[in-house]
Amino acid sequence: MAKPKTKSKSKGSTSPGFNRAVQLVLHLTAVLQFSYGVYIFHNIQMPNTVPFAGKFKFLTFICAIIQALYYIVSLVNDFVGTNELAPKRPPAIRQFKDWLMATLAFPVALNVGVTFWALYAIDRELVFPKVLDAVFPSWLNHILHTNIVVFIVLELFTSYRAYPKRSKGLTGLTIFMGSYLVWIHIVKHYSGVWVYPVLEVLQLPQRIVFFVAVIGFTLVLYLVGEFLNNTVWAKEVKLAKRKSN
């Protein structure tokens, strides 16, 4: 007697209750820590920094806000949206969640984390002078520069998202990074000081190369996120393409 065929389950269909619990715990933990990190960072009195623009001149601070916003949106989507792998009509909250993750949350988090720790390893005075140790706790430093990477990678492996059209995603990210580079020049113009010490030691040609490299690196990180998403969730991506056709 032939045995009945059993359907193979994909990541998204195995233990839906367990997957939902993991997503909820991850999103809630991220909301609490990144929101608290933003609050503490905002209220720290940092020595040897100009008051112009407050903490909003730091990409680290802006990135932490993006992370907090992303996980808040994700938590809301867990309750009033949908985590269905390929919904025919995804609600607006799910569409915004997927776009935010792909276009900003993932590439900007990896940019901040990798760039910070790379420069820190070369010479910490370029990004995080020792004078900050007295007012900037190490746990906050890790929330803002380590956990942002850890949590966004965990998010990539535990929640599927539909990436936007590549040209739209890269355009959105380029506009964001370009706007930030314009912003730090505005800060330099009105304060007379570069936001980051590393920019003080670079000559104009070197700064141009540095800025181009930063934008190029961030765009590569977008492609890395897209590749990882398509690899980790290969079955789900194929299913979504079939449904859309």
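**Exercise 1: Salt bridges**

The side chains of Lys-97 and Glu-155 meet in a salt bridge, 3.9 Å from N to O.

Before the solution, a word on the model. It is predicted, so local features need pLDDT of at least 70 and side-chain atom pairs count only at pLDDT 80 or more, while totals for chains, interfaces and linings use all residues. Residues are numbered from 1 along each chain as its sequence is written, and side-chain values use heavy atoms, leaving out hydrogens and water.

*Solution.* 

Step 1. Recall the rule: a salt bridge is a side-chain nitrogen of Lys or Arg within 4 Å of a carboxyl oxygen of Asp or Glu.

Step 2. Helices here are DSSP runs of H or I with at least four residues, numbered from the N terminus.

Step 3. Check burial, where buried means under 20% relative accessible area, exposed over 50%, and partly exposed in between (1.4 Å probe, protein chains only).

**Exercise 2: Another bridge**

Which residue forms a salt bridge with Glu-226, and how do the two partners compare in burial?

*Solution.* 

Step 1. The partner is Arg-166, with the closest N and O atoms 2.7 Å apart.

Step 2. Glu-226 lies in helix α7 and Arg-166 in helix α5, so parts 60 residues apart in sequence are tied together.

Step 3. Glu-226 is buried, with a relative accessible area of 9%, whereas Arg-166 is partly exposed, at 47%.

**Exercise 3: An aromatic pair**

Describe the geometry of the pair formed by Phe-58 and Tyr-196.

*Solution.* 

Step 1. Rings of Phe, Tyr and Trp (its six-membered ring) pair if their centres lie within 6.5 Å; planes under 30 degrees apart count as stacked, over 60 as edge-to-face and the rest as tilted.

Step 2. A search of the whole structure finds 21 aromatic pairs. In this one, the ring centres are 6.4 Å apart and the planes make 65°, an edge-to-face pair.

Step 3. Phe-58 sits in the loop between α1 (16–43) and α2 (59–80), and Tyr-196 in the loop between α5 (166–191) and α6 (197–200), so the pair ties together parts 138 residues apart in sequence. Both Phe-58 and Tyr-196 are buried.

Key: Helices (H or I, at least four residues) and strands (E, at least two) are DSSP runs, numbered from the N terminus.
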